Amino acid sequence: MSVAERLEFWAGKAAEVAGDPQRAVDLALSICNDAPLPGSGETPALFELFRALGRADLNAARVVEAHLDARAILAEAGLEPQAGAWGVFAAEGPRVRLDARESDGGFRLSGTKPWCSMAHLLDRALVTAHTADGHRRLFDVDLRADGVTARSGEWVALGLQGVPSGAVDFDDVVAAPVGADDWYLDRPGFAWGGIGVAACWLGGAEGLAHRMLSGARSANREPDQIALMHLGAVDAGLFAARVTLDNAGRSIDERTAEGVDGRILAARVRIVVATVVEDVLRRVAHSLGPAPLALEAEHARRVADLELYVRQHHAERDEASLGRRILSEESAR
């Protein structure tokens, strides 16, 4: 099967997910052996896969990306993943904290971790927790173990309804460390994983652009100058984002995107892609008007999914963070 045929096959499977969380998990389990690891020489193909999934169904892309990211993290640590569906829970939140303490030569986790997507359906997760002396460390946790409680009813979003994300409480839960203190954030793959998320965003924008193009083709009248302007601007923006993503994938494979440079690359790519995605959302809305949002369930769901998913980008704060890194790099020269 050619690369194009594989992408079409998996995109078709993603379309069948249609926002259903269990189908998304099943897709993640079936696709993992057909997806390359980042940095393996096929990183552009991995990003293209995420784009294809995002075009078909962002719920599917969100679940598959996290599962594959977990496997990539374990591979980077030299570990073999256990069977089952995986997630990565590394977010922090106000008034909640997850701590790891050493006990009998191992570690146990206690506290609360926010933003744990699909915890009720996953088998295992890589979870960051606070250790002694103000450090954070990554741990492999069995989500079916005693002491793990995934909260329900917290997810009220209209977007990504098939990927509910809530808090998980840990009560003296056995956990296996993955890497040393702060390894999770310092490793090159941290930046690469962030670019994979951007690839999913871009796929979602491409799906909306396709709806805008089909609307222009099926209209009862010739598109006016405003409609043509939106089509041209969206096409150019998506082209620029794809070129940026492909260049990042090749840089990762050539090992020219490691360490601090890798974090700068990831920040640049995510800012470029998020800017294009937000422009596509705006132009699609202006071009199509309210009817598809009101009368087409699939289109309305796609818009809601993408608007929520791209908010993983922290907008002006991420731009300021990149500016700080650039200034620091220039000062060090």
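Analyst: A salt bridge is a side-chain nitrogen of Lys or Arg within 4 Å of a carboxyl oxygen of Asp or Glu. The model is a predicted one, in which local features need pLDDT of at least 70 and side-chain atom pairs count only at pLDDT 80 or more, while totals for chains, interfaces and linings use all residues. Residues are numbered from 1 along each chain as its sequence is written, and side-chain values use heavy atoms, with hydrogens and water left out.

User: Why is the contact of D99 and R97 called a salt bridge?

Analyst: The side chains of D99 and R97 meet with N and O 2.7 Å apart, and because the rule asks for a distance within 4 Å, the pair qualifies. A search of the whole structure finds 22 salt bridges.

User: What makes D99 and R97 buried, exposed or partly exposed?

Analyst: The label rests on relative accessible area (1.4 Å probe, protein chains only), where buried means under 20%, exposed over 50%, and partly exposed in between. D99 has 30% and R97 has 45%, so each of these residues is partly exposed.

User: How do you know whether D279 and R283 are buried or partly exposed?

Analyst: D279 has a relative accessibility of 24%, so this residue counts as partly exposed, whereas R283, at 14%, counts as buried. Their side chains meet in a salt bridge with N and O 2.9 Å apart, and both residues lie in helix α8 (residues 259-288), four residues apart, which is about one turn of the helix. Helices (H or I, at least four residues) and strands (E, at least two) are DSSP runs, numbered from the N terminus.

User: What does the salt bridge between R51 and E206 tie together?

Analyst: The closest N and O atoms of R51 and E206 are 3.0 Å apart. R51 lies in helix α3 (residues 43-56) and E206 in helix α6 (residues 188-218), so the pair ties together parts that are 155 residues apart in sequence.

User: How do you know how much area domain 1 and domain 2 bury between them?

Analyst: The domain bounds come from an automatic or database domain assignment, which gives domain 1 (3-84), domain 2 (87-181) and domain 3 (185-331). Buried area is the accessible area (1.4 Å probe) that two parts lose on being put together, summed over both. For domain 1 and domain 2 that value is about 1300 Å², with 73% of it on carbon and sulfur atoms. In domain 1, P21, N59 and R62 lose the most area to domain 2, together 29% of what that side buries.

User: How many residues of domain 1 and domain 2 are in contact, and how many salt bridges are counted between these domains?

Analyst: Taking contact as heavy atoms within 4.5 Å, 18 residues of domain 1 touch 16 residues of domain 2. The count of salt bridges between domain 1 and domain 2 is zero.
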